[in-house]
Amino acid sequence: MGTFIVAGHAIKHFLNSGFFILLPSLKIGLNLSNTEIGLMSSARSLGGGLANLPAGFVGDRYQRGAPIILGSSIFSVGLMYFVIGSVNNLWVVILAAVCISIGITFYHPAAISTLSKTFPDRKGFAISIHGTGGSIGEALGPLLTGALLAYVIWTTAFNSFGIIGMLSGIFLGLLLWNSDIPIANVTTFKNYIVSAYPLVINPKMLSVLVVVALYGSNQITVMTFFPIYLQSELNYSPSSMSFFVFASQIAGILSQPLMGLISDKYGRWHVLLPAFLILGITSFFLGFVGDGFPLLLIVIVMGLVLFPIMAILIASAIDIVGSDVQATVVSIVFGTSVLISASSPYVSGLIADEFGLGATFQFAGILSIIATLLIGIKWKNYNSA
């Protein structure tokens, strides 16, 4: 079961990373400004953030339905990819992008809560392995997308990814159908809200959520504008551009299980503090180092921490609560990440149109440095975070 869930996470992120690699071609194909691209990314984040509330409830209430939830999640992402490749209207594309984010959102709560209940004493490691599956998908997605764009136009690429997503969703649901999945005690939406309310007012949880929001703002800004920066400012081809994204993900694949194990043994604080500091510094200087090997090196160093951080933040949040509402916690963490950070791509698009694309990375770096300071000041005395 765990293997199939991790494999599904890899496919989900394969599709997700392909979207960002296709953004420069979509921008050119629809003649969009950086602000319009930022608006699309912000709308995408907003839709995913709002979807976390029902996603968390569904993940806890219908734990036995995880095969349907997880399979439908990936199928819906593929369907919306196919829609984007079949239309030529900005607002339809934005709506489809929002639906992609909603489909992605429904995967995490059901998947992560199932894994954390199956491995209660090693949840940091289990969640990190789950994240490693995502990093594998994020690594392969750019490479295959870049290679595909060398032979087909962007609309065909979207259609191709759509077919892959729909077929993968069907197969995942069938493979998980007879799995023995643990059941939580959440029975009604009222109980869900009752169980969620104490979490969001818990001082430790609030501190985690503020850091999550800062992290999410950094991540979505870098993911949205780095491929565009590579293609429009440094004149990289789609295949060359995708290699940089691939390199960052490979670094994350190697570091994520190790970071999870260290956080389980020595505490989340000892991992998150240096990780956020590295993320802030590398993000800030991303637009200053030029091209070639210096850029590749800074991208690899950033990749060592960019995606592994989220797994440790989720484990930190789960540490604070009981075992019956873990999908709820996951939905709160991801909801905070994408909902509060939703405005960041639009703000970054305005910054890019006014000051250049490099300025968006300085903005992202400053956000991560603020998170580093908060972790250093607030988290050291927390036993669980």
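Let us begin with Gly 260, which is buried, its relative accessible area being 0%. This value, like everything I present today, comes from a predicted model. Gly 260 belongs to helix 10, which covers residues 238-266. In sequence, Gly 260 and Ala 311 are 51 residues apart, yet their C-alpha atoms lie 7.6 Å from each other in space.

I turn now to the protein as a whole. Its secondary structure consists of 16 helices and 0 strands. The protein has 385 residues, and 61% of them count as buried. Taking contacts between residues at least 6 apart in sequence, 86% join residues at least 24 apart.

With a fold built of helices, one pair deserves a detailed description. Two packed helices are described by the angle between their axes and by the distance between those axes. For helix 3, residues 66-84, and helix 4, residues 90-105, the axes come within 8 Å and cross at roughly 165°. Angles over 145 degrees count as roughly antiparallel, and helix 3 and helix 4 are therefore roughly antiparallel to each other. Their crossing is left-handed.

Which residues form this contact? From helix 3 come Ser 73, Ser 76, Val 77, Met 80, Tyr 81, Val 83 and Ile 84. They meet Val 92, Val 93, Ala 96, Ala 97, Cys 99, Ile 100, Gly 103 and Ile 104 of helix 4. By class, the contact of helix 3 with helix 4 comprises 12 nonpolar residues, 3 polar residues and no charged ones.

Key. Residues numbered from 1 in each chain as written. Predicted model: local features only at pLDDT ≥ 70, side-chain atom pairs only at ≥ 80, totals over all residues. Heavy atoms only, no water. Helix = DSSP H or I, 4+ residues; strand = E, 2+ residues; numbered from the N terminus. Buried < 20%, exposed > 50% of the residue type's maximum accessible area, 1.4 Å probe, protein only. Contact = heavy atoms within 4.5 Å. Axes fitted to C-alpha atoms, helices over the stretch in contact; angles between N-to-C directions. Parallel < 35°, antiparallel > 145°, perpendicular 65-115°, else oblique. Left-handed = near helix turned anticlockwise from the far one by under 90°. Nonpolar A, V, L, I, M, F, W, Y, C, P; charged D, E, K, R; others polar.
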